[in-house]
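Here's a quick briefing to read alongside the model. Have the viewer open, and we'll go topic by topic.

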Amino acid sequence: MKKIAKKIRRQVVELLYKHQACHLGSCMSCIEILVALYFGGIMKPEDKFLMSKGWAAAALYSILAEKGVIDWNDLYENYYEIGSKYWGLVHHTVPGIEHSFGSVGHGLPVAIGMALADRNRKVFVLMSDGECQPGTFYESILFASQHKLNNLIALIDNNRLQAFGWTKEVLNIEPLDKRIKMFDWAVQRVDGHNIKEIIKACENLSSKKPNMIICDTIKGKGVSFAENKLEWHYYNLDEKLMKRALRDIDKM
Amino acid sequence: MKKLRTIFVEKLIELAEKDKNVWLLNDDTGFNLFEDFEKKFPNQYINCGITEQTIMGIAAGLAQSGKKPYVYGIIPFVIMRCYEQLRDDVCYHNANVKIIAVGGYQYYKFLGFTHNIEKDEDIKVLKHLPNIKIHTPETSKEVEKVIREEYKRKGPAYIRL
């Protein structure tokens, strides 16, 4: 699975470079989480996955290509182009994606609806740390514990950087595990770049409470010049940096 | 004469008797209105609390899983407080969510600005959203007809009572 993660990272760099697209940092922080979910035997066919942090679309699209759900060549040619189904934010025009996301704070409520509709399946939703700020987050946290939605699993890609700076300096959400436990959720905290740890957490879910797995990650992980750098939420890769990024990823 | 909202609930009970996918969600409004529905269909009714933005997302998620959610509330709360969720999660996805909104000039006229709308303010706000059908029935018969027709149609609707 480490090999798959490396391949996905390379593909993200190729996509972002070819189409001069942004959000490198947000993609790189959630690769292991996506690989664990899609290649770790966690999700059954009836289970649902929602990508609330829709701006890491290049990462999810690459995963879907690796799964054979979409065609890599089609994605490589048409990603981030006006009129293409591969919009820059996760879009339901792409096979394998049920709901479009991009505006923060939308994924958790939709996941709750899907979890309520059928309590015999699991609903996984991947969110950013910035998404733990809007009102819908706290409304949803209250609702899910009130209705004991034990089939809901919120994964937080906690890369600690939001669009304008360190989350703790903009609007602190920590200690997120302690806070969310107080709302009667089952909370685990893992190294979000350790695929085994993520899988283990997904196999260790509470059967009584809604579940949160806080995945501590590094924004830009694997690309030396982008790690923990806010600006790589926005910048596009030039040829020199693209080559450097690929070399960095090969060394991982 | 029965209130239009009472007609709505009666019709919804008829639908729910035949179809367990009919769900009713409200935002802690609708005093004395939903007791019969809740008694008959406890698993198809949720008072979601005062969480309108989240309710719209929940309704979209339910609809995308084959449920038929009816969301009840006072006009400014069920379309304005949650406007972006309505736009992105419900209307853009053509989710089969029916919004039942009350207010419409008369019920809350003594309460002032927050609970009331200017004439057709709601329609001006909603008419640019994709896929949504807007209905403003004024008689019992019209309410019955629109509830019946919207039940058969897949897609978002706004029904002002």
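Two strands count as paired if DSSP finds at least two bridges between them. Helices (H or I, at least four residues) and strands (E, at least two) are DSSP runs, numbered from the N terminus. With that in hand: A:Phe49 has A:Phe124, in strand 2 of chain A, as its bridge partner.

This is a predicted model, so local features need pLDDT of at least 70 and side-chain atom pairs count only at pLDDT 80 or more, while totals for chains, interfaces and linings use all residues. Residues are numbered from 1 along each chain as its sequence is written, and chains are lettered from A and ligands numbered from 1 in the order in which they are written.

**Chain A overall**

- Chain A has 11 helices and 7 strands.
- Its C-alpha trace spans about 50 × 40 × 35 Å along the principal axes.
- The radius of gyration is taken over C-alpha atoms, and the globule rule is 2.2 Å times the number of residues to the power 0.38.
- For 252 residues, a compact globule would come out near 18 Å, and chain A has 17 Å, which agrees.
- Of the 252 residues in chain A, 51% are buried (20 or more other C-beta atoms within 10 Å of the residue's own; exposed is 12 or fewer, partly exposed is in between, and C-beta atoms are placed from the backbone).
- Contacts here mean that C-beta atoms, placed from the backbone, lie within 7 Å.
- In chain A, residues 24 or more positions apart make up 76% of the contacts with a separation of 6 or more.

- Strand 2 (residues 123-128) of chain A is mostly covered, with 6 of its 6 residues buried.
- In a regular strand the side chains alternate between the two faces of the sheet.
- Here both faces are covered: A:Val123, A:Val125 and A:Met127 are buried on one side, and A:Phe124, A:Leu126 and A:Ser128 are buried on the other.
- Strand 1 (residues 48-51) of chain A pairs with strand 2 of chain A in the parallel sense, over 4 bridges.
- Strand 3 (residues 152-158) of chain A also runs parallel to strand 2 of chain A, pairing over 6 bridges.
- In strand 3 of chain A, A:Asp157 stands opposite A:Ser128.

- A:Gly68 follows helix 4 of chain A and has a positive phi, near 85 degrees.
- A nonpolar core is a set of buried Ala, Val, Leu, Ile, Met, Phe, Trp, Tyr and Cys residues joined through C-beta atoms within 7 Å.
- The largest such core has 132 residues, and A:Ala59, A:Tyr61 and B:Ala59 touch the most other members.
- Beyond its neighbours within four places in sequence, A:Ala59 contacts A:Ile8, A:Val12, A:Cys27, A:Cys30, A:Ile31 and A:Leu34.

**Chain B**

- Chain B has 7 helices and 6 strands, and along the sequence they follow the pattern α-β-α-β-α-β-α-α-β-α-β-α-β.
- Its 6 strands form an open sheet in the order 2-1-3-4-6-5, with parallel pairing.
- Strand 2 (45-47) and strand 5 (133-135) of chain B are the edge strands, each pairing on one side only.
- Strand 4 (residues 98-102) and strand 6 (residues 157-160) of chain B pair in the parallel sense over 4 bridges, and B:Ile100 has B:Ile159 as its bridge partner.
- For 161 residues, a compact globule would have a radius of gyration near 15 Å, and chain B has 14 Å, which agrees.
- Of the 161 residues in chain B, 48% count as buried.

**Where the chains meet**

- The contact takes 20 residues from chain A and 20 residues from chain B.
- On the side of chain A that touches chain B, helix 6 (107-117) and helix 7 (135-146) of chain A each supply at least two residues.
- Helix 6 of chain A gives the most to that side, with 8 residues.

Terms used. Two residues are in contact if their C-beta atoms, placed from the backbone, lie within 7 Å.
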